[in-house]
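Trainee: I would like to learn how to read the features of a structure. Can we take them in turn?

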2 protein chains.
Amino acid sequence: MLQRKVIVAIADGIGDRPHPLIGNKTPLEYAHTPNLDDLAAKGITGMMNLISPGIPVGTDMGHLILFGYQPEQYPGRGPIEALGVGMDVKPGDVVLRCNFATVNEEGIVLDRRAQRIREKTDEIAAAIQEIKLADDVEVHFKQATEHRAVLILRGNGLSDKVSDSDPKAPNDGKPYLSIKPLDDSSEAAYTAFLLNLFLEKAHAMLSDHPVNLQRIAEGKLPANFILTRGAGQMVDLRPITEQLGMTGSCIAGESTVLGVASLAGFQTFSDPAMTGNIDTDIALKASLAIQEIQEKDMVYVHVKAPDLMGHDNQPIEKAKSIELFDQMVGMIAQQLPDDVYLALAADHSTPCEVGEHTGDPVPVLIYGPSIRKDRIMQYNELDCAHGGLGHLSGSDFVRTLHGFMGLVKKQGN
Amino acid sequence: MLQRKVIVAIADGIGDRPHPLIGNKTPLEYAHTPNLDDLAAKGITGMMNLISPGIPVGTDMGHLILFGYQPEQYPGRGPIEALGVGMDVKPGDVVLRCNFATVNEEGIVLDRRAQRIREKTDEIAAAIQEIKLADDVEVHFKQATEHRAVLILRGNGLSDKVSDSDPKAPNDGKPYLSIKPLDDSSEAAYTAFLLNLFLEKAHAMLSDHPVNLQRIAEGKLPANFILTRGAGQMVDLRPITEQLGMTGSCIAGESTVLGVASLAGFQTFSDPAMTGNIDTDIALKASLAIQEIQEKDMVYVHVKAPDLMGHDNQPIEKAKSIELFDQMVGMIAQQLPDDVYLALAADHSTPCEVGEHTGDPVPVLIYGPSIRKDRIMQYNELDCAHGGLGHLSGSDFVRTLHGFMGLVKKQGN
């Protein structure tokens, strides 16, 4: 079987709708994208619904599908966040998203984010990591971006069927919540007990922690409490690379994408210059993609900015971020080896006028050796709707790529 | 309900990719196909993924779907092979693919194919058919092409969860394998016992068989052993014709296609002049199709050659075989009764550059009374990708045909 390779360039949230600020064009239509259009002219295009028409997906779910999993294999946000910050997550682990927060002596939450604390959260996290809850339960804790962190409980007899301690409401004088089991199992009761113990111990320890004493001296709110939410128990997801017998890399600035990639068995590449924003170093990303495809079978390279501009309802800025994506794709296309396909995809639409992810389909494109060209000359939401790939699901699109790589098992004989 | 009829012309493996030897066209684009293009201009076209995008299917699976079954109803290769050589296969039968082989006194396999024996295998098979294993177990055995044969065990308490006796490796001094149960059931243990007994009895009988004595006298290896593999238990598949209350015929040269057709309840027509290759008698096929559609509701007519040329990476020869298909379709179209649709389909793509079945979709077409024409003027992989049927699965395409025949039950009221 002929085995070829694939580079997938992902423009996060690129899909949009016509916007009055840019002449009722979509940002992708409005942007100057000679490289994307050149690939459209030479390749085959279509429209992709990540799950099904009309269903919006999160960045984590979208990438889970783009990396080759089925939507129903979604392991929950916690495990993906943990993987994204480089924690080792094992099947059975209960993973919770956390905030460093400030509470007063009555347990009233003064600030859910401890004034969006950024400094020395690593020192606080290292101290929390030392908390003992039970002989056979491991505690793993790591700071994430700004005031965020991740808690993992590892041991037998745990469950993710537990409530949040985070009251989530704005800081309006509500107390933090005691964690309760959400079903009748002994596992849920035990896990809730452990987590309430964790909250207490963390609070006691943090109240005297040098970083907090210094914050108080500086007139800042101390990060003296850990609010938990979104418990998820890690399922046993076999890496996609292992399932298909291939190797892969992922180049991205965003931790969610890197988390999914590492779950899927892809080697992750990041760099402070890949900011996950419009100032990201596209030349570095492009050269890494070309470098990695020499050794690997499949490389994903991700640009976050279009999504951010969509959330902010900035169609002109979104168009600019798409032009950045266009330049990165151009650099990759110029150096693309003969046996490598270059695919364009997105994890979801983020229409400016909505400011949120929507279920609008996204344009996709495949260019490469012996590709069946279609009649489409431009890469955008309107032209690609008539493309030769038709309308297909995220899983169908990814399987099509795996098929070109010779990795899909024949059914029947 | 208006009840019309359908002829489906199947070009095995016709789907391909642009190939440099023929000006970066696909063989179907490159071929001179006035009849196919005429139907494209007058009919409606689309692209079909037999199961789903990217999934390659075998000829048996592809035809199972084209005849109206769901992919998950695949009964395994053994039963289809048995049906293809004209054996009667009943639900519960355990069917094994076999080779006539040569072993020495220590059970070492000297030749897995007994020098690709072709002569007098029917005489050997007739002798094997007489072997008794148990009072309530029937043995059916029949020679297939060259060194191949099919064994059926029929009786209560049998299982297909048994290992192969065929070591499969090239003839490198390995012994044949004792057959073992593959699960803990008493059925598997019993079936393994029966099959090991079969191997012994067959070996004892074949060692003295006149055909083998003659072979030894001629300095040839005797076919003194039956290697078995791929046990499959026949499921209870109700014929499609019976499910839909219709009648049908299938005209083909290839045993796999004829096997599936007979499973589906279609009367099969073959002839030594229908060779399953490029010298097949297309005029005979066309006239049989027209003759059969007088009496039957649905007729399949099959041309194998494009698949063979794809496997051999012969794009020019593949184009020639497609021209043959075009001529056959032209003959059928000329004599097509007014109430009959003519559909074009394929079981899978066999791109020359790959030399294997791939998951690339295949072009499909429907022409006939009151058809909704689309804008497509040529029947090939690139034009039909923009066709009015869109992209659809094999089951959706076949159901569309059954729908035109008035055979699909209304849901709701």
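This is a predicted model: local features need pLDDT of at least 70, side-chain atom pairs count only at pLDDT 80 or more; totals for chains, interfaces and linings use all residues.

Trainee: Which residues of α6(A) are buried?

Mentor: They are A:Ala188, A:Thr191, A:Ala192, A:Leu194, A:Leu195, A:Leu197, A:Phe198, A:Leu199, A:Ala202 and A:Leu206.

Trainee: What span should helix α6 of chain A have?

Mentor: Take 1.5 Å a residue. The 22 residues of helix α6 (residues 186-207) of chain A should then span 32 Å. Its end C-alpha atoms are 32 Å apart, so the two values agree.

Trainee: On to sheets. In what order do the eight strands of the open sheet in chain A run?

Mentor: The general idea is that strands of a sheet pair through backbone hydrogen bonds, either parallel or antiparallel. Here the order is β9-β8-β10-β1-β11-β12-β2-β13 in chain A, with mixed pairing. At the edges stand β9 (267-269) and β13 (391-393) of chain A. Each has a single partner strand, so one side of each has no neighbour in the sheet. From one strand to the next, the twist averages 25°.

Trainee: In which sense do β2 and β12 of chain A pair?

Mentor: Antiparallel. Five bridges join strand β2 (residues 44-49) of chain A to strand β12 (residues 362-367) of chain A. For A:Thr45, the bridge partner in β12(A) is A:Leu365. Helix α2 (residues 34-42) of chain A packs on the sheet and touches β2, β11 (340-345) and β12 of chain A. The direction of helix α2 of chain A makes about 65° with that of β12(A).

Trainee: What does helix α12 of chain A lie across?

Mentor: Helix α12 (residues 315-334) of chain A lies across β1, β10 and β11 of chain A. It runs at about 170° to β1(A).

Trainee: Now chain B. How many residues of strand β7 of chain B are buried?

Mentor: Seven of its nine, so strand β7 (residues 225-233) of chain B is mostly covered. A general point on strands: in a regular strand the side chains alternate between the two faces of the sheet. Strand β3 (residues 94-103) of chain B pairs with β7(B) in the antiparallel sense, over seven bridges. In β7(B), B:Ile226 stands opposite B:Phe100.

Trainee: Back to helices. At what angle do α4 and α9 of chain A pack?

Mentor: Helix α4 (residues 77-84) of chain A and helix α9 (residues 255-263) of chain A pack at about 95°. Their axes are 7 Å apart. Angles of 65 to 115 degrees count as roughly perpendicular, and α4(A) and α9(A) are therefore roughly perpendicular to each other.

Trainee: Which residues meet there?

Mentor: From α4(A) come A:Arg77, A:Ile80, A:Leu83 and A:Gly84. They meet A:Ser255, A:Thr256, A:Gly259, A:Val260, A:Ser262 and A:Leu263 in α9(A).

Trainee: Next, charges. How many salt bridges does a search of the whole structure find?

Mentor: Side chains of opposite charge can pair when their charged atoms come close. The search finds 50 salt bridges over all chains. In one of them, A:Lys304 pairs with A:Asp12, the closest N and O atoms being 3.5 Å apart. That pair links distant parts of the chain, 292 residues apart. A:Lys304 is in the loop between β10 (298-303) and α11 (305-311) of chain A. A:Asp12 is in the loop between β1 (5-11) and α1 (27-30) of chain A.

Trainee: Are A:Lys304 and A:Asp12 buried or exposed?

Mentor: Buried means under 20% relative accessible area. A:Lys304 has 6% relative accessibility, so it counts as buried. A:Asp12 is buried too, at 0%. A:Lys304 also forms a salt bridge with A:Asp307, with the closest N and O atoms 3.2 Å apart. A:Asp307 is buried as well.

Trainee: Where do B:Arg399 and B:Asp396 sit?

Mentor: In helix α13 (residues 394-404) of chain B. They are three residues apart, so about one helical turn separates them. B:Arg399 is partly exposed at 41%, and B:Asp396 is partly exposed at 32%. Elsewhere, salt bridges that share partners join A:Arg4, B:Arg17, B:Glu353 and B:Asp360 into one network.

Trainee: Last, the backbone. What phi does A:Gln115 have?

Mentor: A positive one of about 55°, although A:Gln115 is not a glycine. It is found in the loop between β4 (109-111) and α5 (121-128) of chain A. With 41% relative accessibility, A:Gln115 counts as partly exposed. B:Gln115 likewise has a positive phi of about 55°.

Technical notes. Residues are numbered from 1 along each chain as its sequence is written. Chains are lettered from A and ligands numbered from 1 in the order in which they are written. Side-chain values use heavy atoms; hydrogens and water are left out. Helices (H or I, at least four residues) and strands (E, at least two) are DSSP runs, numbered from the N terminus. Buried means under 20% relative accessible area, exposed over 50%, partly exposed in between (1.4 Å probe, protein chains only). A salt bridge is a side-chain nitrogen of Lys or Arg within 4 Å of a carboxyl oxygen of Asp or Glu. The expected span of a helix is 1.5 Å times one less than its number of residues. Two strands pair if DSSP finds at least two bridges between them. Axes are lines fitted to C-alpha atoms, for helices over the stretch in contact, and angles run from 0 to 180 degrees between N-to-C directions. Contact means heavy atoms within 4.5 Å. Angles under 35 degrees count as roughly parallel, over 145 as roughly antiparallel, 65 to 115 as roughly perpendicular and the rest as oblique.
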